[in-house]
Amino acid sequence: MIDYFKSFVVMVLLNMAGLFALGFVLGIFMVIGGMSSAQMNNVEGAVWFNILILLCWPVISFFAFKFSVDKFLIRTDDK
């Protein structure tokens with residue numbers, strides 16, 4: 001049972017890390033593109049940002065789930 005809990009916690013942390021990384025990269029592109037500070041503060045309400053998150057989140061979640069299941073739940077004996 002503890003393996004399921006570990007797997008879930010790792011999946012949640014990887015989801016958060018993936019979304020953080022997406023926001024970080026997007027922020028870097030915004031700074032390079034010359035957006036002002038006021039424009040960047042309002043990006044959470046922008047439709048394109050929310051659509052981008054909704055499209056990227058399932059992909060990030062899939063790989064986070066796959067990694068956590070492969071790492072903690074699937075046992076392979078290489079003997």
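Student: How is the packing of α1 against α3 described, and at what angle do their axes cross?

Tutor: The axes of α1 and α3 come within 8 Å and cross at roughly 145°. The axes are lines fitted to C-alpha atoms, for helices over the stretch in contact, and angles run from 0 to 180 degrees between N-to-C directions. Two packed helices are described by the angle between their axes and the distance between the axes. This is a predicted model, in which local features need pLDDT of at least 70 and side-chain atom pairs count only at pLDDT 80 or more, while totals for chains, interfaces and linings use all residues. Residues are numbered from 1 along each chain as its sequence is written, and side-chain values use heavy atoms, with hydrogens and water left out.

Student: What makes α1 and α3 helices, and what is the handedness of their crossing?

Tutor: Helices are DSSP runs (H or I, at least four residues), as strands are (E, at least two), numbered from the N terminus. Helix α1 covers 2–33 and helix α3 covers residues 47–72. Their crossing is right-handed. The term is left-handed if the near helix is turned anticlockwise from the far one by less than a right angle, and right-handed if clockwise. By class, the contact of α1 with α3 has 19 nonpolar, five polar and two charged residues. Here Ala, Val, Leu, Ile, Met, Phe, Trp, Tyr, Cys and Pro count as nonpolar, Asp, Glu, Lys and Arg as charged, and the others, Gly among them, as polar.

Student: How do you know whether L26 is buried or exposed, and what is in contact with it?

Tutor: L26 also belongs to helix α1. With a relative accessible area of 16%, L26 falls under the limit and is therefore buried. Apart from neighbours within four places in sequence, L26 is in contact with W48, F49 and L52. L26 and F49 are 23 residues apart in sequence, and their C-alpha atoms are 9.5 Å apart in space.

Student: What makes W48 and F49 an aromatic pair, and of which kind?

Tutor: A pair of aromatic rings is described by the distance of the centres and the angle of the planes. Rings of Phe, Tyr and Trp (its six-membered ring) pair if their centres lie within 6.5 Å; planes under 30 degrees apart count as stacked, over 60 as edge-to-face and the rest as tilted. By this rule there are three aromatic pairs. In one of them, F20 and F24 lie 6.3 Å centre to centre with 25° between the planes, which makes the pair stacked. F20 and F24 are four residues apart in helix α1, so about one helical turn separates them, and both are exposed. W48 and F49 lie 6.1 Å centre to centre with 85° between the planes, which makes their pair edge-to-face. W48 is partly exposed at a relative accessible area of 44%, whereas F49 is buried at 17%.

Student: Why is the link between K66 and D70 called a salt bridge?

Tutor: A salt bridge is a side-chain nitrogen of Lys or Arg within 4 Å of a carboxyl oxygen of Asp or Glu. The closest N and O atoms of K66 and D70 are 3.1 Å apart, and the two residues form a salt bridge. A search of the whole structure finds one salt bridge. K66 and D70 are four residues apart in helix α3, so about one helical turn separates them. K66 is partly exposed at 41%, and D70 is partly exposed at 38%.

Student: How do you know whether E44 is buried or exposed?

Tutor: E44 lies in the loop between α2 and α3. Its relative accessible area is 60%, so E44 is exposed. Leaving aside neighbours within four places in sequence, E44 is in contact with F49 and N50.

How values were computed. Buried < 20%, exposed > 50% of the residue type's maximum accessible area, 1.4 Å probe, protein only. Contact = heavy atoms within 4.5 Å.
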